[in-house]
Amino acid sequence: MVTLISSVIVFLLVVMLHEFGHFTVAKLSGIKVNEFSIGMGPKVFQKEKKETTYSLRALPVGGYVAMEGEEENSDDPRSFDNATISKRIAVVLAGAFMNFVLGFLAFTIIFFIVGYGSNEIDNVIDNSPAMIAGLENKDKILSVNSLKVDDIYDINSIVSASDGKELNFKILRNGEEKEFLLKPKYSNESKRYIIGITAKLEHSFFKSIELGAKRTFEVAGIILKSLKMIFDGSFKVEYLSGPVGVVQMIGSESSKGFLYFLQILALISINLGVFNLLPIPALDGGKFLFLIIEAVRGKPIDEKIEQRLSLIGISILFSLMIYVTIFNDIGRLFNK
(Lines give C-alpha, C1' and ligand atoms only; values in the text may rest on other atoms or scores of the structure.)
Protein backbone atom coordinates (compact mmCIF):
# COMPACT_ATOMS: atom_id res chain seq x y z
CA MET A 1 0.00 0.00 0.00
CA VAL A 2 2.88 2.37 0.82
CA THR A 3 4.36 1.65 -2.62
CA LEU A 4 1.08 2.40 -4.38
CA ILE A 5 0.27 5.60 -2.47
CA SER A 6 3.80 7.02 -2.63
CA SER A 7 4.07 6.18 -6.34
CA VAL A 8 0.77 7.91 -7.11
CA ILE A 9 1.85 11.00 -5.14
CA VAL A 10 5.25 11.14 -6.88
CA PHE A 11 3.79 10.72 -10.37
CA LEU A 12 1.04 13.27 -9.69
CA LEU A 13 3.46 15.87 -8.31
CA VAL A 14 6.01 15.40 -11.09
CA VAL A 15 3.43 15.44 -13.89
CA MET A 16 1.27 18.17 -12.38
CA LEU A 17 4.22 20.55 -11.93
CA HIS A 18 5.46 19.76 -15.46
CA GLU A 19 2.11 20.47 -17.06
CA PHE A 20 1.52 23.46 -14.79
CA GLY A 21 4.70 24.95 -16.24
CA HIS A 22 3.36 24.66 -19.79
CA PHE A 23 -0.05 25.94 -18.67
CA THR A 24 1.20 28.97 -16.73
CA VAL A 25 3.58 30.24 -19.42
CA ALA A 26 0.92 29.68 -22.11
CA LYS A 27 -1.56 31.75 -20.12
CA LEU A 28 1.01 34.48 -19.44
CA SER A 29 1.87 34.51 -23.16
CA GLY A 30 -1.77 35.04 -24.12
CA ILE A 31 -2.09 31.60 -25.76
CA LYS A 32 -5.55 30.03 -25.54
CA VAL A 33 -5.59 26.85 -23.43
CA ASN A 34 -8.53 24.55 -24.17
CA GLU A 35 -7.86 21.93 -21.48
CA PHE A 36 -5.54 21.33 -18.53
CA SER A 37 -5.62 17.65 -17.56
CA ILE A 38 -3.91 15.66 -14.82
CA GLY A 39 -3.92 11.93 -15.45
CA MET A 40 -4.96 9.96 -18.50
CA GLY A 41 -7.99 7.91 -19.51
CA PRO A 42 -11.64 8.46 -18.51
CA LYS A 43 -12.56 11.74 -16.84
CA VAL A 44 -13.22 11.59 -13.10
CA PHE A 45 -13.75 15.30 -12.59
CA GLN A 46 -14.17 18.21 -14.97
CA LYS A 47 -14.79 21.91 -14.48
CA GLU A 48 -14.83 24.68 -17.04
CA LYS A 49 -13.65 28.13 -16.05
CA LYS A 50 -13.63 30.91 -18.59
CA GLU A 51 -12.15 29.35 -21.73
CA THR A 52 -10.30 26.40 -20.14
CA THR A 53 -11.57 22.97 -19.07
CA TYR A 54 -9.81 21.55 -15.99
CA SER A 55 -9.85 17.73 -15.88
CA LEU A 56 -8.81 14.97 -13.51
CA ARG A 57 -8.60 11.58 -15.18
CA ALA A 58 -8.64 8.03 -13.81
CA LEU A 59 -5.06 6.95 -14.48
CA PRO A 60 -2.58 8.94 -12.33
CA VAL A 61 0.17 8.75 -14.98
CA GLY A 62 0.72 11.46 -17.54
CA GLY A 63 -1.25 14.58 -18.21
CA TYR A 64 -1.40 17.29 -20.82
CA VAL A 65 -2.14 20.89 -21.68
CA ALA A 66 -4.23 21.19 -24.85
CA MET A 67 -3.51 24.55 -26.46
CA GLU A 68 -5.43 25.97 -29.39
CA GLY A 69 -3.53 25.33 -32.64
CA GLU A 70 -0.80 23.17 -31.09
CA GLU A 71 -1.69 19.98 -32.93
CA GLU A 72 -3.78 21.42 -35.75
CA ASN A 73 -4.02 24.58 -37.83
CA SER A 74 -6.11 27.32 -36.25
CA ASP A 75 -7.17 30.78 -37.40
CA ASP A 76 -7.55 31.95 -33.81
CA PRO A 77 -5.12 34.85 -33.28
CA ARG A 78 -4.41 33.45 -29.78
CA SER A 79 -3.53 29.96 -31.00
CA PHE A 80 -0.16 28.36 -30.23
CA ASP A 81 0.99 28.34 -33.85
CA ASN A 82 0.21 32.05 -34.20
CA ALA A 83 2.30 33.03 -31.18
CA THR A 84 5.84 34.33 -31.63
CA ILE A 85 8.65 31.77 -31.67
CA SER A 86 10.06 33.14 -28.40
CA LYS A 87 6.70 32.61 -26.67
CA ARG A 88 6.34 29.09 -28.06
CA ILE A 89 9.88 28.21 -26.97
CA ALA A 90 9.12 29.53 -23.47
CA VAL A 91 5.96 27.39 -23.29
CA VAL A 92 7.77 24.26 -24.51
CA LEU A 93 10.68 24.61 -22.05
CA ALA A 94 8.50 25.58 -19.06
CA GLY A 95 7.53 21.98 -18.24
CA ALA A 96 11.09 20.75 -17.81
CA PHE A 97 11.97 23.94 -15.92
CA MET A 98 9.27 23.18 -13.33
CA ASN A 99 10.67 19.66 -12.91
CA PHE A 100 14.04 21.17 -12.03
CA VAL A 101 12.28 23.56 -9.63
CA LEU A 102 10.54 20.62 -7.90
CA GLY A 103 13.84 18.77 -7.57
CA PHE A 104 15.50 21.90 -6.20
CA LEU A 105 12.73 22.44 -3.61
CA ALA A 106 12.87 18.81 -2.47
CA PHE A 107 16.66 18.90 -2.03
CA THR A 108 16.46 22.28 -0.26
CA ILE A 109 13.93 20.90 2.25
CA ILE A 110 16.19 17.89 2.88
CA PHE A 111 19.22 20.09 3.61
CA PHE A 112 17.12 22.40 5.80
CA ILE A 113 15.80 19.50 7.92
CA VAL A 114 18.95 17.36 8.10
CA GLY A 115 21.48 20.16 8.04
CA TYR A 116 24.65 20.24 6.01
CA GLY A 117 28.22 19.19 6.62
CA SER A 118 30.31 22.26 7.47
CA ASN A 119 34.08 22.59 7.02
CA GLU A 120 34.61 21.81 10.72
CA ILE A 121 35.72 18.27 11.57
CA ASP A 122 33.36 16.43 13.90
CA ASN A 123 35.25 13.15 14.01
CA VAL A 124 38.51 11.77 12.60
CA ILE A 125 38.24 8.07 11.75
CA ASP A 126 40.88 5.74 13.23
CA ASN A 127 43.83 4.86 10.96
CA SER A 128 42.52 7.14 8.22
CA PRO A 129 44.72 9.46 6.09
CA ALA A 130 43.38 12.37 8.17
CA MET A 131 44.45 10.77 11.48
CA ILE A 132 47.86 9.74 10.10
CA ALA A 133 48.44 13.32 8.89
CA GLY A 134 47.56 14.75 12.31
CA LEU A 135 44.10 16.28 11.80
CA GLU A 136 41.93 16.47 14.92
CA ASN A 137 38.33 16.90 15.96
CA LYS A 138 37.12 20.53 15.85
CA ASP A 139 39.77 21.49 13.27
CA LYS A 140 38.31 23.85 10.70
CA ILE A 141 39.45 23.20 7.13
CA LEU A 142 40.06 26.53 5.40
CA SER A 143 41.49 25.40 2.07
CA VAL A 144 42.72 22.37 0.17
CA ASN A 145 45.60 22.93 -2.27
CA SER A 146 45.00 26.68 -1.88
CA LEU A 147 41.34 26.26 -2.92
CA LYS A 148 38.97 27.83 -0.36
CA VAL A 149 36.39 25.41 1.04
CA ASP A 150 33.16 26.35 2.80
CA ASP A 151 31.68 22.93 3.55
CA ILE A 152 32.27 19.17 3.39
CA TYR A 153 30.88 19.08 -0.16
CA ASP A 154 33.67 21.37 -1.37
CA ILE A 155 36.22 19.23 0.45
CA ASN A 156 34.87 15.93 -0.92
CA SER A 157 34.80 17.37 -4.43
CA ILE A 158 38.53 18.21 -4.33
CA VAL A 159 39.47 14.94 -2.61
CA SER A 160 37.46 12.85 -5.09
CA ALA A 161 39.19 14.55 -8.02
CA SER A 162 42.67 14.16 -6.48
CA ASP A 163 43.23 10.71 -8.00
CA GLY A 164 45.04 9.81 -4.79
CA LYS A 165 47.67 12.54 -5.07
CA GLU A 166 48.99 14.29 -1.95
CA LEU A 167 46.95 17.32 -0.87
CA ASN A 168 47.82 20.38 1.24
CA PHE A 169 45.23 21.16 3.93
CA LYS A 170 45.19 24.54 5.65
CA ILE A 171 43.58 24.14 9.09
CA LEU A 172 42.38 26.58 11.76
CA ARG A 173 43.05 25.08 15.22
CA ASN A 174 42.52 27.09 18.39
CA GLY A 175 42.77 30.35 16.44
CA GLU A 176 46.05 29.33 14.77
CA GLU A 177 46.46 28.35 11.11
CA LYS A 178 48.38 25.15 10.40
CA GLU A 179 49.18 23.16 7.24
CA PHE A 180 49.12 19.38 6.80
CA LEU A 181 49.97 17.11 3.90
CA LEU A 182 47.90 14.00 3.45
CA LYS A 183 47.30 11.43 0.74
CA PRO A 184 43.66 10.31 0.17
CA LYS A 185 42.96 6.60 -0.11
CA TYR A 186 40.45 4.89 -2.40
CA SER A 187 37.35 3.45 -0.75
CA ASN A 188 35.85 0.39 -2.43
CA GLU A 189 32.70 0.94 -0.42
CA SER A 190 31.97 4.51 -1.58
CA LYS A 191 33.83 4.11 -4.91
CA ARG A 192 35.81 7.32 -4.44
CA TYR A 193 38.86 8.78 -2.69
CA ILE A 194 38.40 9.72 0.98
CA ILE A 195 40.46 11.20 3.83
CA GLY A 196 38.45 9.73 6.72
CA ILE A 197 36.56 12.52 8.46
CA THR A 198 32.96 13.37 9.31
CA ALA A 199 31.82 16.98 9.38
CA LYS A 200 29.92 18.92 12.01
CA LEU A 201 26.33 19.50 10.91
CA GLU A 202 24.98 23.04 10.73
CA HIS A 203 21.60 24.49 9.76
CA SER A 204 21.09 27.52 7.55
CA PHE A 205 18.10 28.45 5.40
CA PHE A 206 20.16 30.27 2.77
CA LYS A 207 22.87 27.60 2.73
CA SER A 208 20.14 24.98 2.22
CA ILE A 209 18.95 26.90 -0.85
CA GLU A 210 22.52 27.06 -2.19
CA LEU A 211 23.12 23.35 -1.64
CA GLY A 212 19.68 22.46 -3.04
CA ALA A 213 20.58 24.27 -6.27
CA LYS A 214 24.06 22.70 -6.33
CA ARG A 215 22.67 19.17 -5.84
CA THR A 216 20.07 19.75 -8.60
CA PHE A 217 22.81 20.67 -11.08
CA GLU A 218 24.94 17.73 -9.91
CA VAL A 219 22.12 15.21 -10.48
CA ALA A 220 21.33 16.69 -13.89
CA GLY A 221 25.03 16.42 -14.76
CA ILE A 222 25.16 12.76 -13.70
CA ILE A 223 22.12 12.00 -15.86
CA LEU A 224 23.73 13.72 -18.85
CA LYS A 225 26.92 11.71 -18.31
CA SER A 226 24.82 8.53 -18.29
CA LEU A 227 23.24 9.57 -21.59
CA LYS A 228 26.70 10.24 -23.00
CA MET A 229 27.56 6.61 -22.23
CA ILE A 230 24.97 5.57 -24.80
CA PHE A 231 27.05 7.14 -27.56
CA ASP A 232 30.44 5.83 -26.42
CA GLY A 233 29.07 2.29 -26.14
CA SER A 234 29.60 1.84 -22.39
CA PHE A 235 25.90 2.10 -21.53
CA LYS A 236 23.87 -1.08 -21.25
CA VAL A 237 20.08 -1.40 -21.58
CA GLU A 238 20.18 -3.52 -18.41
CA TYR A 239 20.84 -0.29 -16.46
CA LEU A 240 17.39 1.07 -17.37
CA SER A 241 14.18 0.70 -15.36
CA GLY A 242 10.66 0.86 -16.74
CA PRO A 243 7.41 1.84 -14.96
CA VAL A 244 7.41 -1.31 -12.81
CA GLY A 245 11.00 -0.76 -11.70
CA VAL A 246 10.38 2.91 -10.95
CA VAL A 247 7.30 2.09 -8.84
CA GLN A 248 9.31 -0.50 -6.89
CA MET A 249 12.09 2.01 -6.29
CA ILE A 250 9.65 4.68 -5.10
CA GLY A 251 8.01 2.24 -2.70
CA SER A 252 11.34 0.98 -1.37
CA GLU A 253 12.73 4.46 -0.73
CA SER A 254 9.47 5.96 0.61
CA SER A 255 9.11 3.15 3.16
CA LYS A 256 12.36 4.38 4.78
CA GLY A 257 10.83 7.75 5.70
CA PHE A 258 9.84 11.22 4.53
CA LEU A 259 13.36 12.38 3.65
CA TYR A 260 13.91 9.36 1.41
CA PHE A 261 10.57 10.09 -0.25
CA LEU A 262 11.72 13.66 -0.94
CA GLN A 263 15.00 12.38 -2.34
CA ILE A 264 13.36 9.94 -4.79
CA LEU A 265 10.86 12.66 -5.75
CA ALA A 266 13.74 15.00 -6.58
CA LEU A 267 15.63 12.37 -8.56
CA ILE A 268 12.62 11.35 -10.65
CA SER A 269 11.58 14.96 -11.27
CA ILE A 270 15.07 15.97 -12.45
CA ASN A 271 15.28 12.80 -14.55
CA LEU A 272 12.02 13.73 -16.27
CA GLY A 273 13.23 17.29 -16.80
CA VAL A 274 16.49 16.19 -18.46
CA PHE A 275 14.82 13.41 -20.48
CA ASN A 276 12.13 15.77 -21.78
CA LEU A 277 14.79 18.14 -23.12
CA LEU A 278 16.38 15.48 -25.33
CA PRO A 279 16.07 16.45 -29.02
CA ILE A 280 13.72 13.56 -29.77
CA PRO A 281 10.51 14.23 -31.75
CA ALA A 282 7.41 13.99 -29.50
CA LEU A 283 9.38 15.23 -26.48
CA ASP A 284 9.68 18.89 -25.45
CA GLY A 285 13.29 18.85 -26.62
CA GLY A 286 12.16 17.75 -30.08
CA LYS A 287 9.58 20.54 -30.23
CA PHE A 288 12.26 23.00 -29.13
CA LEU A 289 14.53 21.76 -31.93
CA PHE A 290 11.75 22.22 -34.50
CA LEU A 291 11.20 25.78 -33.26
CA ILE A 292 14.93 26.56 -33.54
CA ILE A 293 14.91 25.23 -37.12
CA GLU A 294 11.84 27.38 -37.84
CA ALA A 295 13.62 30.45 -36.45
CA VAL A 296 16.67 29.77 -38.67
CA ARG A 297 14.68 28.94 -41.83
CA GLY A 298 12.12 31.70 -41.35
CA LYS A 299 9.28 29.19 -41.80
CA PRO A 300 8.06 26.09 -39.93
CA ILE A 301 8.90 22.52 -40.88
CA ASP A 302 6.25 20.88 -43.06
CA GLU A 303 3.43 19.72 -40.76
CA LYS A 304 3.32 16.20 -42.26
CA ILE A 305 7.08 15.74 -41.82
CA GLU A 306 6.86 16.90 -38.19
CA GLN A 307 3.96 14.53 -37.49
CA ARG A 308 5.81 11.59 -39.04
CA LEU A 309 8.98 12.31 -37.07
CA SER A 310 6.92 12.64 -33.87
CA LEU A 311 5.21 9.32 -34.59
CA ILE A 312 8.60 7.65 -35.11
CA GLY A 313 9.84 9.19 -31.85
CA ILE A 314 6.81 7.97 -29.91
CA SER A 315 7.12 4.49 -31.43
CA ILE A 316 10.79 4.20 -30.45
CA LEU A 317 10.12 5.43 -26.89
CA PHE A 318 7.15 3.06 -26.38
CA SER A 319 9.11 0.13 -27.83
CA LEU A 320 12.00 0.85 -25.46
CA MET A 321 9.63 1.17 -22.50
CA ILE A 322 7.95 -2.16 -23.31
CA TYR A 323 11.32 -3.88 -23.77
CA VAL A 324 12.72 -2.51 -20.51
CA THR A 325 9.53 -3.39 -18.60
CA ILE A 326 9.46 -6.99 -19.84
CA PHE A 327 13.16 -7.89 -19.85
CA ASN A 328 14.48 -5.66 -17.04
CA ASP A 329 11.69 -4.93 -14.56
CA ILE A 330 9.83 -8.24 -14.73
CA GLY A 331 13.09 -10.13 -15.20
CA ARG A 332 14.44 -8.69 -11.94
CA LEU A 333 11.24 -9.74 -10.12
CA PHE A 334 11.68 -13.37 -11.18
CA ASN A 335 15.38 -13.36 -10.38
CA LYS A 336 14.83 -12.28 -6.77
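Biologist: In which hand does helix 2 pass helix 7?

Modeller: This is a predicted model. In it, the crossing of helix 2 with helix 7 is left-handed.

Biologist: What describes the geometry of two packed helices?

Modeller: Two packed helices are described by the angle between their axes and by the distance between those axes. Here the axes of helix 2 (residues 85-114) and helix 7 (residues 258-276) come within 8 Å, crossing at roughly 155°. Because angles over 145 degrees count as roughly antiparallel, helix 2 is roughly antiparallel to helix 7.

Biologist: Which residues make the contact?

Modeller: Helix 2 contributes residues including Ala96, Phe100, Gly103, Phe107 and Ile110, and helix 7 contributes residues including Leu259, Leu262, Ala266, Ser269 and Gly273. The residues of this contact comprise 18 nonpolar, five polar and no charged.

Biologist: Turning to the cores, which residues have the most contacts inside the largest nonpolar core?

Modeller: They are Ile141, Ile155, Phe169 and Ile197, in a core of 20 residues. At least two residues of this core come from each of strand 3 (116-124), strand 4 (140-144), helix 4 (152-160), strand 6 (167-173), strand 7 (176-182) and strand 10 (197-202). Helix 4 gives the most, with four residues.

Biologist: What is Ile197 in contact with, leaving aside its neighbours within four places in sequence?

Modeller: Ile197 is then in contact with Ile121, Asn123, Val124, Ile125, Ala130, Ile141 and Ile152.

Technical notes. Residues numbered from 1 in each chain as written. Predicted model: local features only at pLDDT ≥ 70, side-chain atom pairs only at ≥ 80, totals over all residues. Heavy atoms only, no water. Axes fitted to C-alpha atoms, helices over the stretch in contact; angles between N-to-C directions. Parallel < 35°, antiparallel > 145°, perpendicular 65-115°, else oblique. Left-handed = near helix turned anticlockwise from the far one by under 90°. Contact = heavy atoms within 4.5 Å. Nonpolar A, V, L, I, M, F, W, Y, C, P; charged D, E, K, R; others polar. Core = buried A, V, L, I, M, F, W, Y, C linked by side-chain atoms within 4.5 Å. Buried < 20%, exposed > 50% of the residue type's maximum accessible area, 1.4 Å probe, protein only.
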